Amino acid sequence: MKDKPTGHAHEHRHHPSHSKPEHTHPSGGHASRTGHGKHAGHTPEMFRDRFFVSLLLTLPILYFSEQLQTWLGYRALAFPGSAWVNPVLGTILYFYGGLVFLKGALGELRERAPGMMTLIALAITVAYGYSLAVSLGLPGMPFYWELATLIDVMLLGHWLEMASVQAASRALEELAKLMPATAHRITGDRIEDVPVTALKEGDLILVRPGEQVPADGVVEEGASSVNEAFLTGESRPVPKGVGDEVLAGAVNGEGSLKVRVTRTGEATTLSQVMRLVQEAQASRSRFQALADRAAGWLFYIAVALGTLTFLVWLALGRDFNFALSLAVTVLVIACPHALGLAIPLVTVNATALAAKNGILVRNREAFERGREIRFVALDKTGTLTEGRFAVRAVYAHETSEEEALSLAAALEALSEHPLAQAIVEAAKGKGLPRPEVRDFQAVPGKGVEGTLGGKRYRVGRPEWAEELGLKVSEPLKRGLKEAEARGESVVALMDEARVLALLALADRIRPSAKEAIRRLKAMGITPVMITGDAEAVARTVAQELGIERYHARVLPEDKARRVRELKREGPTAFVGDGINDAPALLEADLGIAIGAGTNVAIEAADLVLVESDPLDVVRALTLARATHAKMVQNLFWATGYNAIALPLAAGVAYPWGIVLSPAVGALLMSLSTVAVAVNAMLLRRAALTAL
């Protein structure tokens with residue numbers, strides 16, 4: 001047959017014929033959840049461009065550096081004014097490449113929270129100021145090449161850092177796309193297409209099969225099944241008839257509906273979810289990176305030690321220039337090059353390893369928090385389950401289970417309803433024959449009927465059998481009670497006189513879900529299921545997976561509230577796939593989206609699991625722990641040399657003829673940078689499934 005009549009609602013998230021333009025939330029822009037305070041207004045491209053320009057300026061500075069000439073045994077080209085090449089280029093480099101750090105330092109100092117930006121700004125300002133003073137006649141050795149390489153390395157580190165976390169959330173825009181652009185408004189005997197924004201409370205609209213509902217309302221005429229899974233989490237298409245409420249953005253099934261508008265614009269349920277997303281984005285707490293904390297301590301140590309060095313040597317009777325040179329050396333080498341790369345190098349390797357394992361890191365700061373997670377809240381539909389139905393049991397009376405499944409599949413083969421497709425797949429999986437159907441007819445909101453082998457059969461809702469007054473045997477009544485207790489969808493096979501069989505269908509649990517729950521528990525993490533589905537469905541799935549804590553019939557705004565409650569007990573991750581999950585994904589300390597979910601969930605998440613495999617949640621948290629361990633190790637290598645370098649630079653070994661020169665300090669910095677790079681590369685050997 002060319003056209004397949006449908007007896008039930010089509011289950012799809014987007015209708016191909018439906019054009020959904022970009023919308024802007026009326027409240028305006030929303031706060032970026034990935035931005036760090038020190039990087040406000042910055043982009044990876046800005047750091048990249050400044051890095052390459054600064055690198056070009058650095059090359060002649062290195063060439064004309066007296067220290068490099070001595071080390072490498074060459075003599076730089078001399079020409080009139082060549083002595084001013086480094087001062088001029090150093091000045092350009094300080095104000096061009098270093099400007100971002102100077103501005104960042106001002107911001108940190110205004111917040112009374114000195115960190116990486118302040119430490120970098122201190123080092124480059126002291127190096128530049130002292131070097132310029134030497135160029136103007138002050139006795140001493142200039143620090144131009146240290147100034148240049150420090151700016152280059154720090155620009156490179158920040159470029160890598162920002163490039164690895166760039167993925168600003170577009171959740172509000174994705175939510176707005178779900179709203180259709182036009183609505184079919186009924187005025188008298190006319191049907192006119194009007195913009196959705198023109199709808200008013202009390203308008204009567206027509207929603208055709210396969211279209212999305214443009215506004216919240218109540219059905220006044222017609223019957224259909226509506227797919228609200230994307231918004232409510234209800235896995236089953238919901239039958240709708242006169243007097244039932246429908247929500248904006250829901251997908252209509254097989255029947256036309258005339259709907260009286262009750263809420264429009266910002267008052268609709270979908271707009272309320274958008275508001276929750278916006279509020280969650282705006283209320284995200286600022287996470288200070290490990291490197292910032294280390295840099296903050298180094299800043300205080302450097303200032304204190306540099307000042308103490310200057311004062312002590314003056315008190316001991318040494319001349320001003322000697323005391324100043326040692327103090328400057330302390331301040332310059334206190335900011336190791338490796339510190340600027342310690343975190344970014346681990347981040348780059350962690351994101352690469354994650355991507356290799358099907359985990360996309362969208363928010364590095366939240367990913368780092370993954371090591372602390374103690375609760376993982378999981379949505380059910382589409383996350384722990386596939387969002388696709390499967391036949392769990394066939395309750396047959398006066399016929400065999402195989403024959404009942406064969407007859408039901410023959411009729412349902414002509415329907416595109418998700419329950420129908422599950423029945424057809426079950427029959428196909430058992431290799432059952434499919435009898436030829438004649439006089440097929442779809443009955444909107446009830447089911448389908450047709451003639452097989454000269455006998456009339458119906459397949460549809462059990463309520464249809466009640467309406468027809470058909471007999472139901474006691475064994476089938478017990479089967480219906482059992483299926484309903486499990487929260488399963490039930491389809492009845494009927495002939496003209498009685499119900500022959502009941503088919504119980506349930507959302508298919510993902511194959512790896514049970515193992516994922518076991519491994520989470522082995523990591524000391526408590527799994528909690530939060531779903532908009534019915535209590536019976538939630539209880540059945542929780543029992544099968546071994547989840548002790550679960551919450552059912554949870555509305556979108558309540559999901560975020562449940563996550564907040566869990567956060568009071570400990571750091572919490574949330575795993576989901578639907579629009580209704582977006583506020584909870586944003587509220588959680590770590591939001592994880594199943595890749596097969598909606599764009600809204602993906603845009604609201606910190607991590608995206610490409611393969612939609614619950615075991616990837618375990619892998620992601622394992623990687624987060626390994627990443628944090630590497631960060632701590634790298635910070636040790638990046639700052640540990642200060643325990644030796646700073647006292648030597650301050651001159652504590654001077655009585656024995658040992659003074660740390662800037663050149664030796666630079667060598668130590670280079671060694672710590674190599675150690676940091678090698679250690680970061682070792683992260684790629686982490687075993688993410690060794691549990």
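This is a predicted model: local features need pLDDT of at least 70, side-chain atom pairs count only at pLDDT 80 or more; totals for chains, interfaces and linings use all residues.

Residues are numbered from 1 along each chain as its sequence is written, and side-chain values use heavy atoms, with hydrogens and water left out.

**Whole chain**

- The secondary structure of the protein chain comes to 26 helices and 22 strands, where helices (H or I, at least four residues) and strands (E, at least two) are DSSP runs numbered from the N terminus.
- Of the 691 residues of the protein chain, 57% count as buried; buried means under 20% relative accessible area, exposed over 50%, and partly exposed in between, with a 1.4 Å probe and protein chains only.
- Among contacts (heavy atoms within 4.5 Å) in the protein chain between residues at least 6 apart in sequence, 72% join residues at least 24 apart.

- Helix α1 (residues 44-64) and α3 pack at an angle of about 160 degrees with their axes 9 Å apart, which makes α1 roughly antiparallel to α3.
- For these values, axes are lines fitted to C-alpha atoms, for helices over the stretch in contact, and angles run from 0 to 180 degrees between N-to-C directions; angles under 35 degrees count as roughly parallel, over 145 as roughly antiparallel, 65 to 115 as roughly perpendicular and the rest as oblique.
- The crossing of α1 and α3 is left-handed, a term used if the near helix is turned anticlockwise from the far one by less than a right angle, with right-handed used if clockwise.
- Residues of α1 including V53, L57, I61 and F64 meet residues of α3, among them V85, L89, L93 and Y96.
- By class, the contact of α1 with α3 has ten nonpolar, four polar and two charged residues; Ala, Val, Leu, Ile, Met, Phe, Trp, Tyr, Cys and Pro count as nonpolar, Asp, Glu, Lys and Arg as charged, and the others, Gly among them, as polar.
- Helix α3 (residues 85-96) also packs with helix α5 (residues 116-135), at an angle of about 160 degrees and with axes 11 Å apart, so that α3 is roughly antiparallel to α5.
- In a left-handed crossing of α5 by α3, P87, G90, T91, Y94 and F95 in α3 meet I124, T125, Y128 and S135 in α5, and by class this contact has five nonpolar, four polar and no charged residues.

**Helices α15 and α16**

- Nine of the twelve residues of α15 are buried, so α15 is largely enclosed by the rest of the structure; the buried residues include A404, L407, L411 and E412.
- Helix α16 (residues 418-429) has twelve residues and reaches 16 Å from its first C-alpha to its last, close to the 16 Å expected at 1.5 Å a residue, the expected span being 1.5 Å times one less than the number of residues.
- The buried residues of α16 pack against β12 (385-396), α15 (401-412), β16 (489-494) and β17 (499-509).
- Just after α16, G431 takes a positive phi of about 70 degrees.

- R392, in strand β12, is partly exposed, with a relative accessible area of 33%.
- Leaving aside neighbours within four places in sequence, R392 is in contact with E482, R486, E488, A504 and L505.
- D244, in the loop between β6 (238-240) and β7 (245-246), is partly exposed at a relative accessible area of 31%.
- D244 and G217 are 27 residues apart in sequence and 8.5 Å apart in space, C-alpha to C-alpha.
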